[in-house]
Structures are given as C-alpha cells and as structure tokens.
Amino acid sequence: MLIDPSATSDAGAPRLLRIARLAFYAHFALSAFSGIAFATFLIPPIPAWMSTPTNIKIMAFSFVWGGQTTVVLGAIAGLAFLTWAIGHRLALAAFAVSFVVSLGAELAGTASGYPFGPYSYTTQLGYLIGGLVPFNIPTSWFYMLVACLGLCGRILPATDDSKSRWWWAFVGGAVLTAWDVSMDPAMVKTTHWLWHNPDLTNAPWLWRILGTGFYFEMPLSNLLGWLLTGIIVARLMLAIVPPSVWVARVSPHRFPLALYATNGILPILICFRWNMVLAGVLGTIAMGIPLYAAWRFDSAAARRASPSSRATGVKSIAISGD
Amino acid sequence: MPSPGTESEGRFGHKRMSRLGEALASDGMIFFMLAVVVIEATALILWHRRTAQGPDPVELVSFMGAGASLMTAMFFVKRIKKSALPFASALLSALVFHVWHMSLLWTR
C-alpha cells in the first residue's frame, strides 16, 4: 500500500459531497440531453428547423463543448465523491495513477495500434494530448473505474491480500469493458473516434481474429485492450486503496451505481436509434448484469459499513435518488 | 572467379546479417524483449514472496522498469512522425525509474 488509508479525514467533507452531487446532476443532465438529441433531431438528415444560422451555431458549439463538458463534470463528480469517501490523499493518488497509466495506454494505442487496434480520435472530446488523445479520455477511465470498483465492493468479498486484489482488478476491468460494448459503436458512429482497420486477408489467422472489425468496425483487440488496461489501472488503484476501504467507504453509497448507469444512457440511446440495435441490446445486457448484481446483492461488508461518520452524506445522496 | 564455397558463404553471411537487421528493426524483437522482462520480473517477485530470497521486489521493479521503458522508447521512436509524446514519455519514464533505483541504492 502506498498511502496509509487511515489518514482520510477531510475537513471540507460536506462541501465535497455537495460538489460531487452538483457535478453529477449536471453530468446526468448533459448525458441525458445529448442522448435525447442524438436519438432524435441529430439523426441524419438534420431537420429543416435545425438549419437556421442560429441553430447551426448552437449545434456547432454543442459539438465542440458538449462532449468534453459532460466528461469533465463526470470526472469532477467522481473525484469529489472519492475524496469525500476516502480522503484527498488517497483519492488524488488514485486519480494521478489512473490518469498517467491510462493516458500511456491510449498514447500507445493511438501511436502504434497496441493494445486496442488502429484508431484515432477526432477533436470532439477536447484538446488532444500529444495530438493523439483527448485529455478527457484518461479522466473518464478514472471516474468509470471508481464506479466499477464501487460496484465490485457490493458483489465481491473484501480481503486485502494480493489474490483478492487481482480478482477485484479483473472483475473491475470486465465491468469497465462492458461499458464499451455500446460505447464504441456509438462513438464511432458519431465520429468521436475512428477505426482504421487494415486489410488482413493475407495475415496470419490470429491477426485476422484479433484485428478484423467484426463488431460495428471494432476489432476484438479493442475489447481485450480495454480489459487488459482496465485490469492494470484497477490493480494500481487497489494498491493505493485496498478492497476493504472500497467496501467500507465507497460501495455502501449509490453514487458508483448512478455514475456507471448514467454513462450507459448516451451510448445505448445512440445505438438503438442509429440502426445498431444489436449493440444497444448487448450494451444494455453487459452493463445491466453488474448493475443488477450490485443493486441486488448488497454485500455483507457494505451493509456493515459504518454510517456513523458519514451518515448525513449517505442519507442525502441516497434520498436524492442517485 | 570465386570458388562456389566462398560465394555461398558470402551469400549466407549477407542473408544472415540482413535477417538480423530485419529482426532488430521489427516490433517483434522489442515485444519479445519486453515479454522476457515481464516474465523474469514476475518469476523473481513470486520466488521472493515464496522463499524470501532473491532481489527485493521494489529494487527489482525500479531496476527493470528503466530497461523496459528504454525498450518502449525504441518502439515509439519508429512512430515519432505521428507524435513525439509517446517516445518522450517512455524516455521520461526511464529517467523516473532510474532516479528511483538510484535513490534506493543511495539509501541502502
């Protein structure tokens, strides 16, 4: 463990929870609005009323700022919540490690095609670090892993030995990968990123299996890359914040479930309305299973979690329907 | 006119050198070396856990991390036209590992 998890008291705890809640509501509202927009009037051909100069300006503005603002709000919500739950030192360390490692994986992916496959980002998600990776991508890895590990705490037993941490990392990585089942087809369709799959007709069979865009242009290597990167980043986060701390302080709250579910809204809506029903159905099932399991099987550890010090916050976030 | 033996040896040598050049230039060689590093580090860490013998895992990771980062930099230098950042990051990572390792040696 890198940092002592007992050192987690935060003087500004209620304010942090307020920030987390506000950022989450805004994140939810923007995700829902974008989902509805992409599912209705943004489906080509664009309706005539959208073609007025003012509406074109609004649409252009939304395309430039909408996606990145949504992700930034999600990251603020995730970081503020985690800071409130486990303290600023642990939360910032987890954020820094997940940001650096996931950025490294994404830089490697966009520069070389490993481990995800050959793809590139457009500028719709904001400033490209090194001209390759939107700054929002590593932050979304972070807050989605916060949500995934929060879910893990409700369905997995928490012992802090190495075997348990690896198992948690694997399940956390798998839950994260489930998000990509609907997200990748949706984001490719809306040109947030693009696949550049090569012709593999004469390639060895393994390369053909891994590199052929079999699922709405996405190759199998992408899912494996997500799983691998997710496991590594989750394992590093678990080295900083052990499973017992996730179970006691993060998982009892509904925030991780709400954050995970909210991030499924936009891609699933896009998939259903942009003629990718299969991706919508599979994405719903893939995200629905861990969500249902986390909702249904509140682990004994989560039930045991002390409500004493954080009682007000727990109550308010639960009542608010997050 | 050279004897058949000499000519074939020359051709063989040339072919061999060209294969070596191809191997060194390919990504496969770097992946192979990185895989060896990962397997070696994993095996040594597991061995240390079971027997409490062999190099200390922290020193091992700080030592091998620098080498692995340099190999990763070799991989990215071929793609520097696309972006210099991955190459620079790999070099920076090697420096960080190296400084970490040196600080461990210093405080030993």
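## Confidence

Residues 1-9 of chain A keep a pLDDT under 50, and the model has 20 contacts beyond four places in sequence for them. In this predicted model, pLDDT also stays under 50 over residues 308-322 of chain A, with 18 contacts beyond four places in sequence.

Chain A as a whole averages a pLDDT of 89, and 89% of its residues score at least 70.

## Helix 1 and helix 9 of chain A

Helix 1 (residues 13-39) and helix 9 (residues 255-273) of chain A have axes that come within 8 Å and cross at roughly 10°. Angles under 35 degrees count as roughly parallel, so helix 1 of chain A is roughly parallel to helix 9 of chain A.

On the helix 1 side, the residues that meet helix 9 of chain A include F24(A), F28(A) and F38(A). Helix 9 of chain A contributes L259(A), L266(A) and R273(A), among others. By class, this contact has 11 nonpolar, six polar and one charged residues.

## Nonpolar core

The largest nonpolar core has 93 residues. Those with the most contacts inside this core are A20(A), A77(A), L145(A), C148(A), L149(A), M237(A) and V241(A). Leaving out residues up to four places away in sequence, A20(A) touches A77(A), A80(A), F81(A) and W84(A).

## Contact between chains A and B

Nine residues from chain A and eight residues from chain B form the contact. On the side of chain B that touches chain A, helix 3 (57-77) and helix 4 (85-106) of chain B are the elements that give two or more residues. Helix 4 of chain B supplies the largest share of that side, three residues. By class, the side of chain B that touches chain A has four nonpolar, two polar and two charged residues.

Key
Residues numbered from 1 in each chain as written. Chains lettered and ligands numbered in written order. Predicted model: local features only at pLDDT ≥ 70, side-chain atom pairs only at ≥ 80, totals over all residues. Contact = placed C-beta atoms within 7 Å. Helix = DSSP H or I, 4+ residues; strand = E, 2+ residues; numbered from the N terminus. Nonpolar A, V, L, I, M, F, W, Y, C, P; charged D, E, K, R; others polar. Core = buried A, V, L, I, M, F, W, Y, C linked by C-beta atoms within 7 Å. Buried ≥ 20, exposed ≤ 12 C-beta atoms within 10 Å, placed from the backbone. pLDDT = per-residue confidence, 0-100. Axes fitted to C-alpha atoms, helices over the stretch in contact; angles between N-to-C directions. Parallel < 35°, antiparallel > 145°, perpendicular 65-115°, else oblique.
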